[in-house]
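Here are my notes on this one, written as numbered points. Have the model open while you read.

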Amino acid sequence: MRSLKIGKQSIKYNMATIDYLIIAGGVSGGDGDAGGGGGGAGGYIKKTAQTITAGTYTVTIGAGGSGISQAVGNQGGGSSFNGDTAIGGGYGGSEWGAPSTGGSGGGGNYENGGRGTGAAGTSGQGNAGGSRSTAILSPYVGSGGGGSGGAGGNSVGTTNGAGGPGTADSITGSSVTRAGGGGGGSRSTGSGGLGGSGGGGNGALTTGATGGSGTANTGSGGGATSNTGTSGSGGSGVVIVRLLTSDWSTITGGTQTTDGSYTVCSFTSSADLVLAAGASGPANLKSLDSNVKSNIKSYNSNLIANIKSIDSNS
């Protein structure tokens with residue numbers, strides 16, 4: 001409960017607070033004649049105790065980047081809510097281009113330096129992709145894409161880099177890990193290249209094989225491939241909002257579950273969150289403004305009456 005004091009009068013009103021999680025779409029892994037880099041996870045934003053009033057709020061969900069063959073990867077789409085935007089993941093490196101930056105950056109391909117150097121993640125949203133740290137060796141292995149919980153793994157010797165780990169969170173009431181990076185791929189039979197925890201796709205370990213896709217609605221990166229194979233697609237994003245149920249007369253939007261006295265709204269596609277204030281819930285700004293004006297008018301009337309009374313008694 002908050003109050004606004006005007007003269008000797010205090011207007012009491014409620015302003016609700018909410019928690020929310022925003023994850024952008026993950027990106028596809030890289031491809032090349034030799035091993036490509038894993039795709040980066042979508043940007044990850046978690047905020048708690050954010051003030052909000054009744055109204056309609058647009059929720060945008062970013063798509064995962066689709067898998068590719070012998071081409072530059074496809075960037076993940078951004079997700080947004082309440083003025084915050086998570087950036088899509090960065091694609092993995094290949095012989096068609098260096099890895100890209102994103103929420104989390106794409107992993108480097110099999111080269112030592114250049115396109116083999118992992119791309120940076122966005123500060124506060126993710127981590128960098130892994131890099132090639134030793135001389136080029138058959139089976140020409142790529143590095144892992146960055147995850148929300150850590151950087152992608154470097155490719156070392158003949159071992160593919162793993163995708164960076166995701167982040168565990170309990171906004172729904174149960175701990176779930178999301179937004180892992182995709183694993184690096186290799187041209188001939190390789191090893192390693194596992195996707196990061198939270199849904200990252202595994203890298204393909206043989207020529208022409210398909211990389212694993214990131215899990216839908218986790219924002220995880222896709223696994224890389226090589227030669228004529230197809231890289232894994234990135235997982236689509238998600239927005240999850242947690243509200244105290246008693247603050248609102250109605251809550252509309254998303255797939256709704258309850259966790260004790262809270263309502264949890266999970267959005268896996270773009271839509272609106274509509275919040276209507278209850279009798280004891282948060283007043284919207286228009287209602288608050290009306291109450292303030294009414295109380296100011298009442299205060300002024302009482303003040304004028306008191307002045308007249310003083311004058312008449314003088």
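1. A definition before the details: two strands count as paired if DSSP finds at least two bridges between them. With that in hand, look at Asp-19, whose bridge partner in strand 12 is Arg-242. Strand 3 (residues 16-23) and strand 12 (residues 238-244) run antiparallel and are joined by five bridges. Keep in mind that this is a predicted model.

2. Now the sheet around that pair. Five strands make up an open, antiparallel sheet, in the order 4-3-12-15-14. Strand 4 (44-52) and strand 14 (255-259) sit at the edges, each pairing on one side only. From one strand to the next, the twist averages 20°.

3. Which residues touch the most other members of the largest nonpolar core? They are Phe-81, Val-241 and Leu-273, in a core of 22 residues. Strand 3 gives the largest share, four residues. Strands 12, 15 (262-267) and 16 (271-277) are among the elements that supply two or more.

4. Val-241 deserves a click. Beyond its neighbours within four places in sequence, Val-241 contacts residues including Ile-18, Asp-19, Tyr-20, Phe-81 and Leu-273. Apart from this core lies another, of nine residues, with Leu-21, Ile-23, Tyr-44 and Val-238 among them.

5. Finally, the chain overall. The protein chain has one helix and 16 strands, and 49% of its 314 residues count as buried. Of the contacts with a separation of 6 or more, 54% come from residues 24 or more positions apart. The chain exposes about 12500 Å², with carbon and sulfur atoms supplying 49% of that area.

Technical notes: Residues are numbered from 1 along each chain as its sequence is written. This is a predicted model: local features need pLDDT of at least 70, side-chain atom pairs count only at pLDDT 80 or more; totals for chains, interfaces and linings use all residues. Side-chain values use heavy atoms; hydrogens and water are left out. Buried means under 20% relative accessible area, exposed over 50%, partly exposed in between (1.4 Å probe, protein chains only). Contact means heavy atoms within 4.5 Å. Accessible areas come from the Shrake-Rupley method with a 1.4 Å probe; for residues, only the protein chains shown count as cover. Axes are lines fitted to C-alpha atoms, for helices over the stretch in contact, and angles run from 0 to 180 degrees between N-to-C directions. A nonpolar core is a set of buried Ala, Val, Leu, Ile, Met, Phe, Trp, Tyr and Cys residues joined through side-chain atoms within 4.5 Å.
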